[in-house]
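User: I have a model open here and would like to talk it through with you. Could you start once it is up on the screen?
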Amino acid sequence: MYDVLKAIGEKFRLPGELYSYEVITMGNINSTYKVTYTKPDGSLKSYLFQKVNTHVFKSPVEIMENIDRVTSHIRDKYPEQITLHYHHTDDGLNYYICGDSAFWRVVNYVDSVTFNASEDLSIIEATGKAFGEFQNRLSDLDGAVLHETIPDFHNTKKRLDTLFEHVSDDPCGRAADAKKEIEYLASVREKAGELSVMFANGEIPKRVTHNDTKCNNVLFDRVTKEPIVVIDLDTIMPGMSMYDFADAVRFIANTAVEDEPDTSKVFFDTAKFRAFANGFIGATKDALESVEIENLVKATFSITIELVSRFLDDYITGDKYFRCTYPKHNLVRTRCQLQLAKDIERKWDELSWIVRDVADNV
């Protein structure tokens, strides 16, 4: 592997000599290595080398073009801030395709800490601030200039339409296992799909969105625990800002893991919702339109229903997408997220009041 990494480093014109490397095990899609070089002055500098999984990411060139546009935009506007810096080859590309068709990229390593989840409201608020600042810094970049690398990724209406088509076909004879879940989804189908319709009709701004706003996609300073930079930009696309908020808070405010079989443990934590909203709205209040702020709660409900539909659709069609570790794993995931959606629905008025209160006071 040493020789491969050395050759990649040469393609990206990295100064100095390769000193060491280690495999980074966090993340299970791309192959990632922390590679350290001895610079000409004798100091050490580290980079992350990634071999992109092109079986998962079918349009890697378009992904890297999106990343180039976004990182360049942020770096030009905020030169004093730490930003992700993807290196370029002599050809001016931020990727390199080897003779064996392996797709490589190199980004500066940022010494930091990440959190997979947290009970600390200050960390949750800082996470909201990080994703909010990311939105704010890109608010003047037209989302339409980016490639839609995963078409209809967060089109809730289309996800639900597809689910009900598969329920009708019932290819694996499993629809009867989820009769109550299907009935509930039918009852909220229109409400959950409303934002997708508004977006398609141009009633909601098309933004540059991250689309994978997990806690561990924010790097934090090891000492101050302040957010440094948002990472993992493979799903950068045009989309709705509210869905970046919603997907993050859906995960953060769930009192249980995403596939908790005991749904009595599943609730939507309003204190965590407020903490994240404080950070996100505080960072975006001058960038987002009122229609976006006003629909944060609906987006949270809608994206939770969207995930329900994805889990259930995978169950109905034979567990082909999400990795399952036991029979009916996708049905368990479905019921867990459905319980969360129902709790969001029950707390709708309270959550809406929190959004208004935060927006009025940040």
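User: Let's start with Asp 232: what does its relative accessibility make it count as?

Analyst: Asp 232 has 29% relative accessibility and therefore counts as partly exposed, a class that runs between buried, under 20% relative accessible area, and exposed, over 50%, computed with a 1.4 Å probe on protein chains only. Asp 232 sits in the loop between strand 8 (227-230) and strand 9, where helices (H or I, at least four residues) and strands (E, at least two) are DSSP runs numbered from the N terminus. Please keep in mind that this is a predicted model, in which local features need pLDDT of at least 70 and side-chain atom pairs count only at pLDDT 80 or more, while totals for chains, interfaces and linings use all residues. Residues are numbered from 1 along each chain as its sequence is written, and side-chain values use heavy atoms, with hydrogens and water left out.

User: And what is phi at Asp 232?

Analyst: Phi of Asp 232 is positive, about 60°, although the residue is not a glycine. Asn 211 also has a positive phi, near 75°, and is likewise a residue other than glycine.

User: Where is Asn 211, then, and is it buried or exposed?

Analyst: Asn 211 is in the loop between strand 6 and strand 7 (218-220), and its 8% relative accessibility is why it counts as buried.

User: Switching to the whole chain, how many helices and strands are there?

Analyst: The chain has eleven helices and nine strands. Its radius of gyration is 21 Å, close to the 21 Å that the globule rule gives for 362 residues, so the chain is as compact as a globular protein of that length; the radius is taken over C-alpha atoms, and the rule is 2.2 Å times the number of residues to the power 0.38. Along the principal axes, the C-alpha atoms fill a box of roughly 65 × 50 × 40 Å.

User: What share of the residues counts as buried, and what share of the contacts joins residues at least 24 apart?

Analyst: Of the 362 residues, 51% count as buried. For contacts, meaning heavy atoms within 4.5 Å, 72% of those between residues at least 6 apart in sequence join residues at least 24 apart.

User: Helix 2 next, which elements do its buried residues pack against?

Analyst: They pack against strand 5 (103-108), helix 3 (121-137) and strand 6 (207-209), and the buried set includes Ile 63, Met 64, Ile 67, Val 70 and Ile 74, together with Asn 66 and His 73. Helix 2 itself covers residues 60-77, and its 18 residues reach 26 Å from the first C-alpha to the last, close to the 26 Å expected at 1.5 Å a residue, that expectation being 1.5 Å times one less than the number of residues.

User: How many cavities of 30 Å³ or more turn up?

Analyst: The search of the whole structure finds one, and the largest cavity has a volume of about 40 Å³. On a 1 Å grid over the protein atoms alone, a cavity is a set of points where a 1.4 Å probe fits but cannot get out, whereas a pocket is an open set with protein on both sides within 12 Å along at least five of seven lines, and lining residues have an atom within 4 Å of a point. Points are joined across faces, edges and corners, and the volume is the space filled by probe spheres set on them.

User: Which element gives the most to the lining of that largest cavity?

Analyst: Helix 3 does, with three residues, and the whole lining consists of Phe 115, Ala 117, Ser 118, Ile 123, Ile 124, Thr 127, Cys 215 and Phe 220. By class there are six nonpolar, two polar and no charged residues, with Ala, Val, Leu, Ile, Met, Phe, Trp, Tyr, Cys and Pro counted as nonpolar, Asp, Glu, Lys and Arg as charged, and the others, Gly among them, as polar.

User: How much space lies in the second largest pocket?

Analyst: About 340 Å³ lies there, and of the 19 lining residues the closest to the centre are Glu 148, Asp 152, His 154, Phe 199 and Pro 238. Helix 5 (179-200) supplies the largest share, four residues, and the lining divides into nine nonpolar, six polar and four charged residues.

User: Last one, what is Ala 287 in contact with?

Analyst: Leaving aside neighbours within four places in sequence, Ala 287 is in contact with Asn 136, Ser 139 and Arg 207. Ala 287 lies in the loop between helix 7 and helix 8 (290-294) and is buried, with a relative accessible area of 17%.
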